[in-house]
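Open the model in a viewer and keep the selection panel at hand.

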Amino acid sequence: MCKLSVNDKAKEWVYLQLEALALARKEEQNRELRERLEQLKKERNAIILAHYYQRDEIQEVADFRGDSFLLAQKAAQTDAEVIVFCGVHFMGESAKILAPNKTVIIPDERAGCPMADMVHVDGLRKLKAQHPNAKVVTYINSSADIKAETDICCTSSNAVKVIESLDAEEIIWVPDKNLGHYVQQKTGREMIIWEGYCNTHDMLTVKDVVEMKAQYPNAQFVVHPECRPEVVAMGDFVGSTTAILEYCRDSDCTEFIVGTEDGTGYQLRKDSPHKAFHFATKYLVCPNMKVNNLKKLVKCLENMSPQIYVPPHVAEQARLSLERMLQVK
């Protein structure tokens with residue numbers, strides 16, 4: 001075994017000291033940012049909504065953490081004058097649609113959603129023309145323009161209930177084919193499914209899960225239905241982000257392989273610090289969600305921008321589809 005020389009040991013000591021100083025400085029900067037954030041929230045009468053896929057530093061300061069469904073509810077109910085939506089662009093649009101008199105801002109306007117971009121108005125209108133009696137169900141992970149072409153929206157939390165609530169022989173489902181396949185199986189309803197998908201969830205493969213199960217044989221595999229059907233079929237539990245969090249919190253099992261975006265680790269560890277969570281692959285990271293950070297959050301409240309704008313005629317139609325979703329029990 002090679003021994004470190006005195007010079008190497010000195011270099012290592014210096015490196016460790018520099019690393020410790022950098023971490024201390026980072027924590028001091030974050031403390032200052034958190035203090036400034038609290039001041040701005042009071043001045044602006046603002047509320048911070050953060051999706052479970054956000055960075056830990058954002059989830060820590062949020063007034064409400066949640067999945068798309070919970071955050072849509074909070075946006076519709078809040079008395080705050082300003083909504084800061086820490087998520088991706090379509091989420092900010094949904095908040096603005098449900099709370100048109102509020103100012104809605106996001107930390108970084110580049111936080112988009114590739115899946116939402118996979119469905120376009122012209123294509124959906126063409127599909128509707130081919131199936132004039134069909135009801136259009138749109139996953140909330142979509143643009144305001146698509147929601148305006150929709151009969152009712154859904155989230156992964158309530159998708160099964162939404163489909164079951166419809167009295168229609170034909171159902172057009174956009175844009176996530178994986179969630180659509182799962183809902184079709186759960187409800188037994190025939191659906192015309194758009195060929196979109198979540199880049200992050202769709203990356204998880206059977207091979208990844210098999211390897212993780214071999215490495216952690218006592219762990220349960222919990223998986224989001226945005227994953228591929230063959231991966232979802234391997235799940236000990238399948239559900240929305242919120243459902244996964246609740247299942248892991250309440251389960252007697254103490255070890256889990258997690259098949260959803262790694263930002264959920266914050267809430268999983270917070271709810272169950274004595275349990276172990278292993279993400280099914282290191283690639284379960286949404287770069288669009290992670291583009292937001294604490295510094296950008298403070299800056300957007302200081303500048304009151306970027307603001308979310310939805311054209312009134314689009315918002316009016318899109319609001320109907322969201323409100324119908326919120327009415328499903």
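Start by selecting Asn-45, which sits in the loop between α1 (6–44) and β1 (46–51). The model is predicted. Asn-45 is not a glycine, yet its phi is positive, about 50 degrees. Its relative accessibility is 33%, so Asn-45 is classed as partly exposed.

For context on this stop and the next ones, most residues other than glycine have a negative phi, and most peptide bonds are trans.

Next, select Val-174 and Pro-175. The peptide bond joining Val-174 and Pro-175 is cis, with omega about -10 degrees. Pro-175 belongs to the loop between β7 (171–174) and α9 (177–187).

Move on to the loop between α14 (294–303) and α15 (312–327), where Pro-306 is found. A cis peptide bond connects Ser-305 and Pro-306, and omega there is about 5 degrees. Now select Met-304, which lies in the loop between α14 and α15. Met-304, though not a glycine, has a positive phi of about 55 degrees.

Finish with the cysteines. How many disulfides are there? The count is zero. Select Cys-198 together with Cys-286: Cys-198 is in no disulfide, and its nearest cysteine sulfur, that of Cys-286, is 6.5 Å away. A disulfide needs the two sulfur atoms within 2.5 Å. Cys-198 is buried, at a relative accessible area of 13%.

Cys-253 has a relative accessible area of 14% and is buried.

Technical notes:
Residues are numbered from 1 along each chain as its sequence is written. This is a predicted model: local features need pLDDT of at least 70, side-chain atom pairs count only at pLDDT 80 or more; totals for chains, interfaces and linings use all residues. Side-chain values use heavy atoms; hydrogens and water are left out. Buried means under 20% relative accessible area, exposed over 50%, partly exposed in between (1.4 Å probe, protein chains only). Helices (H or I, at least four residues) and strands (E, at least two) are DSSP runs, numbered from the N terminus.
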